[in-house]
Amino acid sequence: MKLVFAGTPEVAVPALDALLASGRHEVAAVVTRPDAPAGRGRRLVASPVAQRAEEAGIEVLKPAKPKDPEFLERLREIGPDCCPVVAYGALLPRVALDIPAQGWVNLHFSLLPAWRGAAPVQHAIMAGDEITGASTFLIEEGLDSGPVYGTVTEEIRATDTSGDLLTRLAFAGAGLLVATMDGIEDGTLKAVPQPADGISLAPKVNVEDAHLDFGAPALRVDRMVRGCTPAPGAWTTFRGERLKLIQVAPVPDRTDLAPGQIAAGKNTVHVGTGSYGLELLWVQAQGKKPMRAADWARGVRIAEGERLGG
């Protein structure tokens, strides 16, 4: 089939690479979000998908909005059979959805109908799910509600961050997306409507959502830290300034600390929660680089009884 691939961040690049390497389909163009400010100089930088497409000599389309007439006209001129999508980052209007004969097929990083929305991997970890995966589905105007072509499953490991899990799903999902394109092309794959039961939502996780509550059980705090790493970053406060927690580990036999209370040893830093202790492994103080928690604690000279979170 002739394809127009839509995607923006680094997590979409493995799927683009897999389609380019498939040898069966032609990626005629790529659709991505416009260049965005990045770095200290805030200069405009092309998206990872745009950069990869340019390296491969593929036409790159960067509409400000997918309903822009110039973009729609160019899409009609290209005449794609299907438009595979991975984390494009903009809602597609009906007029765009109707252009390819086989529609727009999204690779979504959950087992639909679980975790529909912008942050499925983060929410799966924060909810304590043991299994997740990726799904390919036909895009409709509803939120991730279209019929599903196929799925792959992936175990959520005890130490997985959302970054770890998303990287694995990006590569597993890339193979699923290619197989979905193959099945659509040869007519062996039909989309199946999603069940009405089991729907859960995964809205974007913002900075305020990532504010830690040490009155919660230790496992809940641990899941929050892992789910919010690397973005937006789980945080608390210490002496009135923000402190980001990058990695923690449950310590079930540490039950003597009040929620938020810090105990710093020679090479360890523990904090109390609503159940039992957590060891702080990596932290990032405001305006500083990430560092081992023990080094941070030595630098700030924690007093007896001091707490995280005020």
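# A conversation about contacts, strands and helices

Visitor: What joins the side chains of Ser47 and Thr32?
Guide: The side chains of Ser47 and Thr32 are joined by a polar contact of 2.7 Å. A polar contact is a pair of N or O atoms within 3.5 Å; within protein, one must be able to donate a hydrogen and the other to accept it, and residues adjacent in sequence count only if both atoms are side-chain atoms.

Visitor: Before we go on, what kind of model is this?
Guide: This is a predicted model, in which local features need pLDDT of at least 70 and side-chain atom pairs count only at pLDDT 80 or more, whereas totals for chains, interfaces and linings use all residues. Residues are numbered from 1 along each chain as its sequence is written, and side-chain values use heavy atoms, with hydrogens and water left out.

Visitor: Back to Ser47, then. Where is Ser47 found, and is Ser47 buried or exposed?
Guide: Ser47 is found in the loop between strand 4 (43-45) and helix 2 (48-55). Helices (H or I, at least four residues) and strands (E, at least two) are DSSP runs, numbered from the N terminus. Ser47 has a relative accessible area of 6%, so the residue counts as buried. Buried means under 20% relative accessible area, exposed means over 50%, and partly exposed lies in between (1.4 Å probe, protein chains only).

Visitor: What else does the side chain of Ser47 reach?
Guide: The side chain of Ser47 reaches the backbone nitrogen of Ala50 at 3.0 Å. Leaving aside residues up to four places away in sequence, Ser47 touches Thr8 and Thr32; contact here means heavy atoms within 4.5 Å.

Visitor: How do strands of a sheet pair in general?
Guide: Strands of a sheet pair through backbone hydrogen bonds, either parallel or antiparallel.

Visitor: And strand 6, how many bridges join strand 1 to strand 6?
Guide: Strand 1 (residues 2-7) and strand 6 run parallel and are joined by two bridges. Ala6 stands opposite Val85 in strand 6. Strand 6 also pairs with strand 7 (residues 104-108), in the parallel sense, over three bridges. Val85 stands opposite Asn106 in strand 7, and the bridge partner of Pro84 in strand 7 is Val105.

Visitor: Which residues of strand 6 are buried?
Guide: Both faces of strand 6 (residues 83-86) are covered. Cys83 and Val85 on one side are buried, as are Pro84 and Val86 on the other.

Visitor: How do helix 1 and helix 6 cross?
Guide: The axes of helix 1 (residues 13-21) and helix 6 come within 8 Å and cross at roughly 40°. The two helices are therefore oblique to each other. Angles under 35 degrees count as roughly parallel, over 145 as roughly antiparallel, 65 to 115 as roughly perpendicular and the rest as oblique. Where they meet, Pro14, Ala15, Ala18 and Leu19 in helix 1 touch residues of helix 6, including Ala170, Phe171 and Met181.

Visitor: Which residues of helix 1 are buried?
Guide: They are Val13, Pro14, Ala15, Leu16 and Leu19. These buried residues pack against strand 1, strand 2, helix 2, strand 6 and helix 6. Helix 1 is followed by Gly23, whose phi is positive, near 75°.

How values were computed
Pairing = 2+ DSSP bridges. Axes fitted to C-alpha atoms, helices over the stretch in contact; angles between N-to-C directions.
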